[in-house]
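User: I am new to reading protein structures. Can you take me through one, feature by feature?

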There are 2 protein chains.
Amino acid sequence: VATADHTRGRRTGRPPGLTGNREAILASARREFFQRAYEGATIRGIAAAAGVDPALIYHYFGSKDRLLIEALRQADPGRPSVDDMLPKLLEDGLEQLGERVIRGMMQIDARAFRTALQSASNSESAAQMVREAFADGGLVRLVRALDRPQEEVRLALVESLITGLVVLRFVLCVEPTASADIESIVAWYGPPLQRLLLEPLS
Amino acid sequence: VATADHTRGRRTGRPPGLTGNREAILASARREFFQRAYEGATIRGIAAAAGVDPALIYHYFGSKDRLLIEALRQADPGRPSVDDMLPKLLEDGLEQLGERVIRGMMQIDARAFRTALQSASNSESAAQMVREAFADGGLVRLVRALDRPQEEVRLALVESLITGLVVLRFVLCVEPTASADIESIVAWYGPPLQRLLLEPLS
């Protein structure tokens with residue numbers, strides 16, 4: 001990660017050391033939050049693992065809460081973030097949009113969702129961060145871009161179905177959702193999600 | 001609680017002291033789990049608050065996990081449990097069943113759900129208990145009693161929508177679901193739930 005960021009830092013003209021530090025902090029934060037959860041992870045431990053001074057973490061991120069959210073937003077640098085991915089699905093039109101949203105959600109890093117939920121249920125300030133991430137996240141932007149009637153109700157229902165799917169599959173591991181293959185999950189959840197996204201609600 | 005259970009113990013012919021102890025342990029367990037969550041609560045602390053020997057808790061419940069589930073199943077002795085309430089809704093037929101399920105879910109003790117989710121995301125053995133509670137819980141029995149095609153898919157979708165609603169409203173507090181009044185929640189979630197419970201899925 002440090003090498004790649006170093007390169008990227010130079011390419012965009014930013015001082016290479018600083019960009020590398022920021023990415024190294026995020027990578028270290030992900031490891032610590034995933035392993036120890038919000039309450040167990042410390043700024044000091046994250047700084048030590050990243051080889052930086054704790055003050056630099058406060059300089060970049062302001063607080064442990066903000067660091068958590070930034071770390072979870074790009075949970076795995078190798079995967080697309082939900083915030084980027086979901087609105088882009090509209091480029092291929094509305095047909096089977098529900099299926100495509102579900103397929104996209106199945107590619108997310110489950111550890112990030114587990115950590116977010118665990119952190120939010122243990123800490124009110126982490127919960128506040130998760131709420132902010134929801135409020136300007138990819139799912140909200142997707143629903144707003146569709147510009148359908150009853151937008152707030154639609155948003156509540158779409159968020160509920162997807163949050164429930166993610167919690168049952170990745171956090172509580174309740175069957176049959178927990179171990180169904182991805183094609184089954186897409187076939188089950190896609191059509192009802194399509195109706196909630198696009199069709200009249202009642 | 002102790003007085004009421006003492007009376008109930010006599011009425012059903014069980015030794016009054018034992019029943020009273022069991023209920024006192026459950027009441028004490030609810031307080032401790034709600035306040036300190038699964039990891040913070042201890043058998044020793046729950047026993048001390050209930051005025052019993054810790055060994056009695058193991059005698060009645062076997063483990064901290066089992067105690068957690070029993071405590072959450074009847075979270076508030078003054079309210080109906082979800083397990084009892086949901087299957088009973090069928091006695092009034094299928095009309096507006098979705099609305100009635102949602103209205104019932106809004107009467108639950110939110111602390112029990114928060115504690116269950118928090119415990120399950122912090123402890124694999126608590127997660128196992130929550131899965132068992134799901135598997136023979138009121139929602140599963142309701143869906144099975146409806147005897148509609150694609151029962152497992154229906155179950156997954158119904159559980160997801162309701163789990164999502166509960167998580168958004170009571171755990172993460174994401175708007176607009178978090179602070180909408182109960183009649184709005186019933187009007188928004190009832191019709192889609194009715195379709196998932198009873199109508200063809202695709």
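Analyst: Start with burial. A residue is buried under 20% relative accessible area, exposed over 50%, and partly exposed in between (1.4 Å probe, protein chains only). Of the 202 residues in chain A, 54% count as buried. This is a predicted model: local features need pLDDT of at least 70, side-chain atom pairs count only at pLDDT 80 or more, and totals for chains, interfaces and linings use all residues. Residues are numbered from 1 along each chain as its sequence is written, chains are lettered from A and ligands numbered from 1 in the order in which they are written, and side-chain values use heavy atoms, with hydrogens and water left out.

User: How many helices and strands does chain A have?

Analyst: Helices (H or I, at least four residues) and strands (E, at least two) are DSSP runs, numbered from the N terminus. Chain A has 12 helices and 0 strands.

User: Which residues of helix α10 in chain A are buried?

Analyst: Helix α10 covers residues 138–146, and its buried residues are A:G138, A:L139, A:V140, A:L142, A:V143 and A:L146. Now look for contact, meaning heavy atoms within 4.5 Å. The buried residues of α10(A) pack against α6 (82–88), α7 (97–105), α9, α11 and α12 of chain A. After α10(A) comes A:D147, with a positive phi near 55°.

User: What is in the largest nonpolar core?

Analyst: A nonpolar core is a set of buried Ala, Val, Leu, Ile, Met, Phe, Trp, Tyr and Cys residues joined through side-chain atoms within 4.5 Å. The largest has 72 residues. Those with the most contacts inside it are A:V101, A:Y189, A:L197, B:V101, B:Y189 and B:L197. A second, separate core has 66 residues, including A:V52, A:L168, B:I25 and B:V167.

User: How much area is buried between chain A and chain B?

Analyst: Buried area is the accessible area (1.4 Å probe) that two parts lose on being put together, summed over both. Here the value is about 3100 Å², and carbon and sulfur atoms give 70% of that area. Each side is listed too: 35 residues from chain A and 35 residues from chain B.
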